[in-house]
Amino acid sequence: MKKEKWINEVFESTKNLERQEAPAFLFEKVIGKIELSKKESREVNSSTLKWAAGFAAVVVLTINIFSVKKVVSEGKHAEVQGMNSEMQSGLNNSTIYNY
Amino acid sequence: MQNQPEIPFKQLLDDNKNRVYNTALNFVQNVEDAEDITQEVFIEVHRSLERFNHQSAVSTWIYRITVNKSLDFIRKKNRQKRFGFLTSIFGKEEGELSHDKGHFEHPGVLMENKEKAKILFETIDTLPENQKTAFILFHLEELSQKEIAEIMETTPKAIESLIQRAKAGLRQKLEILYNNRGI
């Protein structure tokens, strides 16, 4: 019975709970937080744009560098190939001449 | 429904702030935390006001936001507690847990009932969220089962069942506590 009595007292402990007044200046605090959040959001957007522009520039530059490298490398390859075929034909000719 | 006159935000806040604050207090039993939750609720109200379709009463809508924000807050605190426990195992330079455990500080509880009320709230905290919500709104906020059903978007019958299960669960836990404490 003692246990039941104790449990009932625990259940009853929140009876006559006094209602509290909300904190003062709540409206002002809420509006302040809303304004701050808007300002931070604008700053994040501006910062994000800058990062995005920087990243795009890096990507374009990287593509350009690779393209230029490829063109140069292809050009060299073509030159070497040209030299090779000249040499070949030269050798062939000399072979002919040797005959 | 669509041609409801717009209620100015300040009026909404003034009409509902006490209700929101007291509900939050009943969920977290800490003045500072309840104040934070109250602010979060009205920030959300401000953000969502245009999209509110008046399918429920404004008070029901605000209660729903209050319950959700309170439960979010508790979940966040519990995550911080778990993280704090882990850091305490693996050691932190300062030797302190990273979370701040709020102390019981419900100003609405009468002085002579404080100890037992603390036990009750701690036990309520161990209930599943839906039982906890139904119990708090019924016993502490003294809402009807119909009102609670609208807030929780379910039926009065379901709320009745939740409250019964909550009470049974609380009773069981209190019995164990009584036996362990040797009161």
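In this predicted model, B:Lys69 and B:Glu44 form a salt bridge, with their closest N and O atoms 3.8 Å apart. A salt bridge here is a side-chain nitrogen of Lys or Arg within 4 Å of a carboxyl oxygen of Asp or Glu. B:Lys69 sits in helix H3 (residues 58–90) of chain B and B:Glu44 in helix H2 of chain B, so the pair ties together parts that are 25 residues apart in sequence. Helices (H or I, at least four residues) and strands (E, at least two) are DSSP runs, numbered from the N terminus.

**Ground rules**

- Residues are numbered from 1 along each chain as its sequence is written, while chains are lettered from A and ligands numbered from 1 in the order in which they are written.
- Because this is a predicted model, local features need pLDDT of at least 70 and side-chain atom pairs count only at pLDDT 80 or more, whereas totals for chains, interfaces and linings use all residues; side-chain values use heavy atoms, with hydrogens and water left out.

**Around B:Glu44**

- B:Glu44 also forms a salt bridge with B:Arg47, and there the closest N and O atoms are 2.8 Å apart.
- B:Glu44 and B:Arg47 are both in helix H2 (residues 31–48) of chain B, three residues apart, or about one turn of the helix.
- An α-helix has 3.6 residues a turn, so residues three or four places apart point the same way.
- How exposed or buried are these side chains? Buried means under 20% relative accessible area, exposed over 50%, and partly exposed in between (1.4 Å probe, protein chains only).
- B:Glu44 counts as buried because its relative accessible area is 18%, B:Arg47 counts as exposed because its value is 52%, and B:Lys69 counts as partly exposed because its relative accessibility is 21%.

- The contact takes 40 residues from chain B and 27 residues from chain A, where contact means heavy atoms within 4.5 Å.
- Four salt bridges are found across the interface of chain B and chain A, out of 17 in the structure over all chains.
- One pairs the side chains of A:Glu4 and B:Arg171 (2.9 Å, N to O).
- On the side of chain B that touches chain A, the elements giving two or more residues are H1, H2, H4, H5 and H7 of chain B, and H1(B) supplies the largest share, 10 residues.

**The A:Glu9 and B:Lys116 pair**

- The side chains of A:Glu9 and B:Lys116 meet in a salt bridge (3.0 Å, N to O).
- That pair crosses between chains, from helix H1 of chain A to helix H4 of chain B.
- A:Lys5, A:Glu9 and B:Lys116 are linked in a network of salt bridges.
- A:Glu9 counts as partly exposed because its relative accessibility is 29%, and B:Lys116 counts as partly exposed because its value is 27%.

**Helix H4 of chain B**

- In helix H4 (residues 114–124) of chain B, the buried residues are B:Ala117, B:Ile119, B:Leu120, B:Phe121, B:Thr123 and B:Ile124.
- What do the buried residues of H4(B) pack against? Their partners are helix H1 (2–12) of chain A, along with helix H1 (9–28), helix H5 (129–140) and helix H7 (156–181) of chain B.

**Chain B overall**

- Chain B has seven helices and zero strands.
- Of the 183 residues in chain B, 43% are buried.
- Take the contacts in chain B between residues at least 6 apart in sequence, and 60% of them join residues at least 24 apart.
- Chain B exposes about 10500 Å², with carbon and sulfur atoms supplying 48% of it; accessible areas come from the Shrake-Rupley method with a 1.4 Å probe, and for residues, only the protein chains shown count as cover.
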